Amino acid sequence: MTEWTPSRTGSFWSLALRRFMRHRLAVVGTIALGMLATMALAAPLLAPHSPTAIDAAVFQGRPSTTHLLGTDSVGRDVLSRLIYAARVSLSVGILAVTMYVLIGTSVGAIAGYYGGAVDLALSRLIDIMLSFPPLIIILFAVSVFGRPSLWNVIIVLGLLGWPAVARLVRGQVLALRQQEFVLAARAIGASDRAVVVRHLLPNAMAPVLVAATFGTANAILVEAALSFLGMGVQPPTPSWGNMLTDAQSLTVLEQMPWLWVPPGFMILVSVLTINFVGDGLRDALDPSLKL
Amino acid sequence: MKGLRARLAGGVIAVLIAGLLLPAGVWGGPRSEFVAVAGMWSPPNNFSPINTDSSYGFYCVRFMFMGMVEARVENNQMNFFPALASAWQVGADNQTYTFTIHPRAAWHDGRPVTAEDVLFTLMTISDPRTETNRGAQIASVAGLDARGKRAAGAQLGFRILGPKRFEVKTATPVDPTMFLEMFGANVYILPKHVLGDVPPDQLGRHPFFHNPTVGNGPYKFVQYKTDQFVEFVLNENYHLGAPNVRRVFVRIIPPATMLAQIERGDLDISAGFGIGEVMIEDWDRVKGMAHVRAVSFPAPGYQYMLFNFQRPFLQDKRVRRAFAHAINRPLIVGQLLKGEGELAEGPIPPANPYFNKRVRPWPFDTARARALLTEAGWDFNRTIILRVPTGNIIRERSADIIRENLIAAGVRVEIQKADFPTHMAAVRAGNYDLGLMGWAGPTDPDVSSQYRTGGQYNLSHHSIASLDQVLDEGVKTADPTKRRAVYDRFQEVFADELPTITLYYPNARTAITRRMTNVLFDASGLFDFQVYRWVAGTQ
């Protein structure tokens, strides 16, 4: 029988939701993530200043009543930049992962469903893609794509992240395609497309969702690293990663914590909360865990 | 038995610890008077006296190679000191220059430095097949074109008067100060007995320029550990006297760690202007260190903004002046440079003897900028690209300020950053609207290579007749007083035409530990002067 069988305790998804709600950190993570998303969406309402406006009076100014988190190396309000930067991090995370989940799922499903030579070719492609050192390839791709920008980071991450998802989906599809419900669907003459899209993929989605969640956290980290290296989001657009580039001198590190603690903290918080959510999802969706 | 084993183990550990500490001992802890350590940001790409591709390479080259004289600005005028030449005369015609090479001036392998070596160096630089950045330095010599290259059959203005004496003739009378600085101080002599047989077009790839074993300067090359350090040892037979410091290491140290290295005493000298400075945020801290001398002085280099003259909308000088009004240059100097810099409207530094004090920078005035743009018919919906090279953090930050300032004046600007080679290629190809760039030059005010039509470094691709005319006049005027008047006028024309906007003249800042004495910096050069006179005390 499949996981879709209704039971006394409710559907698979309502069961999963109940399991998820029991995972305290995951709930906290979800709430925090919701707050981050709200902050990103409502940035113009929340930010006290424009993220690019320069206050000629104070460069690297301490936190004050005008600038709650001080000003950066060119006199811009750190708090406002921090708030606006959430947009960059979340959009990189969500868009890049959406992109590679779509690619990865398609490739994995095709490989797993058709098997044989198709599978062999696609699997080797996946192996090759996975053997590249990711950051180096990303640095290379961003520079080849022309100028570094938010969109380039998203596209590059999206084009390079799919093999892990593809492998996951392929494994799921391989395991599922011999099951009775798939054979039944075939027997009544469903097309390949219908079998894959309507019967196989919904059942393979749970681990992909988990992988996507962790992938989002990873994409945020990679964006921060790229922007710190100057290959990611370009100033004056704020990103937590490029805000950290201010902290490259000993004096700043020791005496001007407002320049680097806030963006560092935001990266930590966003990645941590997303990972908590991922943990919760994994536990909730793992069919082998019975309550 | 047990005691023996313990002692053996102890011995092994001691050897291991010693092994770990020994390499560190070169830099760390108290050093003897025999060693000095300088630090710069990036590695040198070669040690070619005629074609270093960066100031990093040049910083190393001048430990090993010399020109005829050394130049230094003192009391607002250029003075010359013996280097390879012990004496020199300027002919009454301001065209004939006679040099006598020091009788004991010799190559590191013991062979004497002769007039033949000087001729070989000139022939090499002026050969059309040679890749060199010294062409402009010799361009005034008779028989050479503006790039310092000789045409087939041209007669070089050079005569050997004896083994150690020679005469150089310029095509036209020139200001002797210019000639002595350009040819005398900035052309380093190559060893003919080592490189004489190398075809000029293969010189660029010759191993000598990566392992220059035969120089004529106060230090001999020992080794270059890629991306780590360059090591020099003293030349005991140096004709001006053996140096005091036995060994000099030039280490490659990223900007962010410079301060810590100086604080710990692992570094004696930060190499200086544009190649090895502590970060501006750290400067106050350096000034507070008891064991360090923080030296800051006006330098001959500046940062500027290029206009691409191939864009019709940047050809109206009212537009360019509007940009000069729009950019808050006092803010950049006051806040970004923390006051460690100066403003001027033009390529002649305020510390230069030829600086025209009457030319003031256009004041920061957003309303005036807007008015000028409107008057010139600027399209306020047009978005233009400001290209910014990465690497110089202050310059990168200034781009953010420039963009905000221009937006305030109604100009839409987008920043595009790229590493320096990519940036330079785009600028050379004319693939930009506005571009940031840095420049450092000699004291002589001739800036034809940057600002004359078709000049090698005319990156704005501009052609302004009034500028060309005054630049040509400056090169041809031999009388120093008249020449000064010509360059006063040049600076007025420049401020009116604004082929580029001079953003700021950052001070050169260098940190020297107090155990080092006789390390002389000044506004005339990028680097310190007479390295053979360095003295290193114990710590």
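A crossing of two helices is left-handed if the near helix is turned anticlockwise from the far one by less than a right angle, and right-handed if clockwise. The model shown is predicted: local features need pLDDT of at least 70, side-chain atom pairs count only at pLDDT 80 or more, and totals for chains, interfaces and linings use all residues. Residues are numbered from 1 along each chain as its sequence is written, and chains are lettered from A and ligands numbered from 1 in the order in which they are written.

**View 1. Helix α1(A) passes helix α13(A) in a right-handed crossing.** Helices (H or I, at least four residues) and strands (E, at least two) are DSSP runs, numbered from the N terminus. The axes of α1 (residues 12-22) and α13 (residues 261-285) of chain A come within 8 Å and cross at roughly 135°. Axes are lines fitted to C-alpha atoms, for helices over the stretch in contact, with angles from 0 to 180 degrees between N-to-C directions.

**View 2. Four strands of chain B form an open antiparallel sheet, ordered β4-β5-β7-β6.** Because β4 (85-90) and β6 (158-162) of chain B stand at the edges with a single partner strand each, one side of each has no neighbour in the sheet. Strands count as paired if DSSP finds at least two bridges between them. Neighbouring strands of this sheet are turned by 20° against each other on average, direction ignored.

**View 3. β6(B) pairs with β7 (residues 165-169) of chain B in the antiparallel sense.** Four bridges join β6(B) and β7(B). I160(B) has F166(B) of β7(B) as its bridge partner.
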